[in-house]
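Open the model in your viewer and keep the selection tool ready. The tour goes stop by stop.

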Amino acid sequence: SSGINAESQSVERKHELRKEWSDTVTNKNPGGNLLFYQVFSNYRRMLKAIIKAAKRSHYCNEILNNCENSKKTWQIINELRGKKKRQTKPPFIIDNQRIVDRRTIANGFNAWFVSIAPKLNETLNDLSHGM
């Protein structure tokens, strides 16, 4: 918890340094104060490296702590790969029912798309007979 607090304070400091530098950017001086930029840039680079190392350490520990549990290990690996199980957002309404099941939503879309062609044909027939 203290690591997260320190990290958020560091990110806040990075934002402060960026603001200090960006406040010096003008039309006459589009690069702003170079010293401020250098301080901001170096801080950002170090912070990025620290966060990357902390993430690596966290995930290594997670895998080591769950090496006996292959399901949990694969969840961690997939999380690292960006393959989290997604929650359905937003809920869909099909036939006045709130639906959150992904398969039901997919089937609802399929039924809707399949119904387009017959409706279109019917409309075109009505138009051609009306002429």
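Buried means under 20% relative accessible area, exposed means over 50%, and partly exposed lies in between (1.4 Å probe, protein chains only). This is a predicted model: local features need pLDDT of at least 70, side-chain atom pairs count only at pLDDT 80 or more, and totals for chains, interfaces and linings use all residues. Residues are numbered from 1 along each chain as its sequence is written, and side-chain values use heavy atoms, without hydrogens and water.

**Stop 1: a loop residue.** Select Asn-66, in the loop between α2 and α3 (70-80). Is Asn-66 buried or exposed? Asn-66 counts as buried because its relative accessible area is 17%. Its side chain reaches the backbone oxygen of Glu-62 at 2.8 Å.

**Stop 2: salt bridges.** The whole structure holds three salt bridges (a side-chain nitrogen of Lys or Arg within 4 Å of a carboxyl oxygen of Asp or Glu). Select Arg-13 and Glu-16, both in helix α1 (residues 2-22) and three residues apart, about one turn of the helix. Their side chains meet at 3.3 Å, N to O. Arg-13 is partly exposed, at 33%. Now pick Lys-19 and Asp-23, bridged at 3.1 Å, N to O.

**Stop 3: a positive patch.** Select Arg-18, Arg-44, Arg-45, Lys-48, Lys-52 and Arg-56, which form a positive surface patch. Patch residues have over 30% relative accessible area and no salt bridge, with like charges joined within 9 Å. Helix α2 (residues 34-65) gives the largest share, five residues. Lys-52 sits in helix α2 and is exposed, at 55%.

Key. Patches are made of residues with over 30% relative accessible area and no salt bridge: like charges are joined within 9 Å, nonpolar side chains (Val, Leu, Ile, Met, Phe, Trp, Tyr) within 5 Å. Accessible areas come from the Shrake-Rupley method with a 1.4 Å probe; for residues, only the protein chains shown count as cover. Lys and Arg count as positive and Asp and Glu as negative; His and the chain ends are not counted. The place of a charge is taken as NZ of Lys, CZ of Arg, CG of Asp or CD of Glu. Helices (H or I, at least four residues) and strands (E, at least two) are DSSP runs, numbered from the N terminus. A polar contact is a pair of N or O atoms within 3.5 Å; within protein, one must be able to donate a hydrogen and the other to accept it, and residues adjacent in sequence count only if both atoms are side-chain atoms.
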